[in-house]
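Student: I would like to go through this model step by step. Please keep the answers brisk.

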Amino acid sequence: MIRAWSAADVRAAEEPLLAARVPLMERASFTLATQVVRDLRARRTSVRGARVALLVGAGNNGGDALHAGAVLARRGAAVTAVLTSGRSHAGGLAALVRAGGRVVDLCASPQQPASVVQAVVQAVVQDVAASDVVLDGLVGIGARGPLRDLPADVVSGLSALSGTPEGDDRPLRAQGAWVVAVDIPSGTGVDDGFVGGPVLPADRTVTFGAAKPGLLLPPAAGLVGELTVVDIGLRLDVEPAVRRLEAADVARAWPVPGGADHKYTRGVVGVVAGTTTYPGAALLTTTAAVRAGAGMVRYRGSDDVGRAVVGARPEVVTAPGRVQSWVVGPGVPGGPDVDENGNDDGQRERGRGGLAAAAGRLGGLAGGPVPAVVDAGGLDLLEETSPPWFVLTPHAGELTTLLRSRGVDVRRADVEAEPLRWARRAHELTGATVLLKGGVTVVVGPGVAYAQADGPGWLATAGAGDVLAGVLGAMLAARSDDVVASPALAAEVAAAAVLVHGRAAHRANPGGPVAALDVAHAVPAEVAALVNSA
Ligand SMILES: NC(=O)C1=CN([C@@H]2O[C@H](COP(=O)(O)OP(=O)(O)OC[C@H]3O[C@@H](n4cnc5c(N)ncnc54)[C@H](O)[C@@H]3O)[C@@H](O)[C@H]2O)[C@@H](O)CC1
Ligand SMILES: Nc1ncnc2c1ncn2[C@@H]1O[C@H](COP(=O)(O)OP(=O)(O)O)[C@@H](O)[C@H]1O
Ligand SMILES: [K+]
């Protein structure tokens with residue numbers, strides 16, 4: 001698991017070590033330099049003679065870059081530091097100069113007219129782009145807001161370099177330069193991943209002490225490249241702000257059936273999905289639940305669609321009976337669609353019944369509350385509050401509608417700019433666990449947040465969400481009682497489902513397009529690979 005702590009928590013953990021004069025910056029910068037050496041070698045560039053550019057800001061982040069530059073210069077690299085502030089880290093600067101590094105100070109003549117400064121910036125930008133490696137040490141966890149002043153000018157200049165192919169979001173890659181962000185890509189929100197101005201996208205981010213939330217959260221997460229967390233000896237005793245499950249976490253927790261298991265101990269998934277207008281969602285959701293290892297899948301939607309489901313997947317039953325998790329809503333239209341068709345095959349009523357049973361509001365009938373996945377049209381059926389064992393699975397548009405229906409003035413662009421903030425708001429307003437789908441999927445439950453980046457961009461295809469709902473339904477059914485008993489567990493199970501779903505998409509067709517049903521069919525092999533690696 002990758003755990004991320006806020007800037008304040010990281011600073012608090014640094015304090016006792018700094019008070020004890022532990023050389024944190026030396027540790028951090030030496031490991032940073034070592035990583036750069038490894039990257040250069042992997043790119044078949046020898047360290048001796050390699051051109052290294054350091055983008056240096058006002059704080060200790062620039063100090064890290066300067067000290068790392070000194071290590072590289074001592075090993076024969078041609079290092080140039082570009083100073084963007086009048087007060088660069090003195091110790092780092094002295095070390096770099098001693099090691100034979102070159103310094104270009106953009107603030108050397110503060111009285112120069114802006115046009116001259118801009119011309120100098122342009123020339124420097126060309127030089128930087130011609131480097132083998134660029135270290136972004138403009139700002140770290142001391143950053144406030146989007147980049148401004150010379151740091152912003154330099155990064156904007158690099159982003160606007162001529163020769164960058166249209167639509168390429170990694171301007172320096174086209175020039176052959178490898179960008180390593182020091183601690184964070186400068187300009188990204190350390191705690192929230194917000195991106196409100198220019199950022200130099202990194203090929204690698206070397207972060208110190210612990211990951212920071214912004215490195216895992218969209219939209220900043222897309223600018224991080226490969227993430228390397230360097231242990232500098234910090235002790236973080238508080239709960240992390242954001243977590244990301246890795247394959248080993250899911251492999252360990254997967255409920256592998258034993259000799260004493262039967263279909264009811266493995267879990268029965270009740271599905272209300274699809275209508276005669278959108279029958280595909282029912283097939284995708286039930287297939288995914290079967291493929292993810294449900295003990296049984298009970299289709300409880302309309303009779304017409306049920307016949308099609310059983311025709312395609314004979315494992316599915318349509319009779320009423322015991323259910324250990326509900327999946328309600330895939331392919332069930334929301335409010336306006338129902339009026340237009342005048343008919344939803346009775347799915348909304350059935351969905352309401354399923355949710356009431358899942359919430360334990362049907363008295364003894366349902367045999368106690370069970371977890372539920374509430375997707376698409378099911379989101380319209382929610383009551384004012386829901387238990388945390390309900391996992392809502394909106395995409396950004398559906399989350400916006402959900403929030404607006406509860407009086408929150410928010411637009412889809414706001415949700416996309418700060419997904420964690422708005423997913424958390426929805427969790428607070430509804431009480432449910434909220435899984436906000438996207439390239440990075442964010443899950444928020446009571447006191448916990450996950451950010452999963454497991455699937456390829458190819459997964460953004462119609463029906464992929466229905467497959468996720470089925471996989472998650474099966475996983476919740478397998479741990480039904482535990483999920484109801486421990487409020488934060490639904491979020492962990494949901495994050496695990498996102499991981500399996502995303503990895504199944506990679507497996508379905510590595511590097512190429514995937515169809516939603518292919519993802520469902522790839523789930524068994526993915527689960528086998530995970531549990532066999534545990
Ligand atoms: N405390 C320590 O000893 C350690 C700190 N480390 C490094 O130190 C960094 C934190 O250092 P600092 O606290 O000095 O903070 P920064 O290095 O993030 O620099 C903050 C300074 O940058 C400027 N600045 C802030 N926001 C800006 C913006 N939006 N645009 C342009 N300039 C801006 C301001 O002058 C501010 O004082 C970490 O990210 C890490 O890289 C590491 O060396 C590990 C040990
Ligand atoms: N850019 C992306 N990269 C990876 N996965 C994505 C991306 N965009 C969306 N996804 C995933 O694809 C799925 C789309 O689901 P959804 O929007 O509900 O579509 P549908 O309703 O058609 O099934 C979700 O699991 C989401 O996380
Ligand atoms: K940085």
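Tutor: One definition comes before we start. A residue is near a molecule or strand if its C-beta atom, placed from the backbone, lies within 6 Å of it. This is a predicted model, where local features need pLDDT of at least 70, side-chain atom pairs count only at pLDDT 80 or more, and totals for chains, interfaces and linings use all residues. Residues are numbered from 1 along each chain as its sequence is written, while chains are lettered from A and ligands numbered from 1 in the order in which they are written.

Student: Which residues come nearest to ligand 2?
Tutor: The shell around ligand 2 holds 16 residues. Those that come nearest are Lys437, Gly439, Ala460, Ala464 and Gly465.

Student: Which helix gives the most to the shell around ligand 2?
Tutor: Helices (H or I, at least four residues) and strands (E, at least two) are DSSP runs, numbered from the N terminus. The top contributor to this shell supplies 4 residues and spans residues 464-478. That is helix H18.

Student: How do the residues of the shell around ligand 2 divide by class?
Tutor: Ala, Val, Leu, Ile, Met, Phe, Trp, Tyr, Cys and Pro count as nonpolar, Asp, Glu, Lys and Arg as charged, and the others, Gly among them, as polar. On that basis the shell around ligand 2 has 6 nonpolar, 8 polar and 2 charged residues.

Student: How many residues of H18 are buried?
Tutor: H18 has 15 residues and reaches 22 Å from its first C-alpha to its last, close to the expected 21 Å. The expected span is 1.5 Å times one less than the number of residues. For burial, C-beta atoms are placed from the backbone, and a residue is buried if 20 or more others lie within 10 Å of its own, exposed if 12 or fewer, and partly exposed in between. H18 is mostly covered, and its buried count is 15 of 15.

Student: Which residues come nearest to ligand 1?
Tutor: Around ligand 1 there are 27 residues, which divide into 14 nonpolar, 7 polar and 6 charged. Helices H1 (7-19), H2 (24-42), H3 (60-74) and H6 (149-159) each supply at least two residues of this shell. Nearest come Gly59, Asn60, Asn61, Gly140 and Gly142.

Student: Is Asp149 buried or partly exposed?
Tutor: Asp149 belongs to helix H6. Its phi is near 55°, a positive value in a residue other than glycine. Because Asp149 has 13 C-beta neighbours inside 10 Å, it counts as partly exposed.

Student: And is Asp183 buried or exposed?
Tutor: Asp183 sits in the loop between strand S6 (178-182) and strand S7 (204-208). Asp183 also has a positive phi, about 70°, although it is not a glycine. With 29 other C-beta atoms within 10 Å, Asp183 is buried.

Student: Where is the cis peptide bond?
Tutor: Most residues other than glycine have a negative phi, and most peptide bonds are trans. Pro219 is in the loop between helix H8 (213-216) and strand S8 (226-230). With omega about 0°, the cis bond joins Pro218 and Pro219.

Student: Which residues does Ser131 touch, not counting residues up to four places away in sequence?
Tutor: Ser131 lies in the loop between helix H5 (114-129) and strand S5 (133-137). Ser131 is buried because 23 other C-beta atoms lie within 10 Å. Two residues are in contact if their C-beta atoms, placed from the backbone, lie within 7 Å. The residues Ser131 touches are Arg51, Val52, Ala53 and Ala177.

Student: What separates the C-alpha atoms of Ser131 and Arg51?
Tutor: Along the chain, Ser131 and Arg51 are 80 residues apart. Their C-alpha atoms are separated by 4.9 Å.

Student: What separates the centres of domain 1 and domain 2?
Tutor: Domain bounds come from an automatic or database domain assignment. That assignment gives domain 1 (2-244) and domain 2 (259-533). Taken over C-alpha atoms, their centres are separated by 40 Å.

Student: Which strand gives the largest share of the side of domain 1 that touches domain 2?
Tutor: The contact takes 11 residues from domain 1 and 15 residues from domain 2. The largest share of the domain 1 side is 3 residues, from residues 242-244. That is strand S9.
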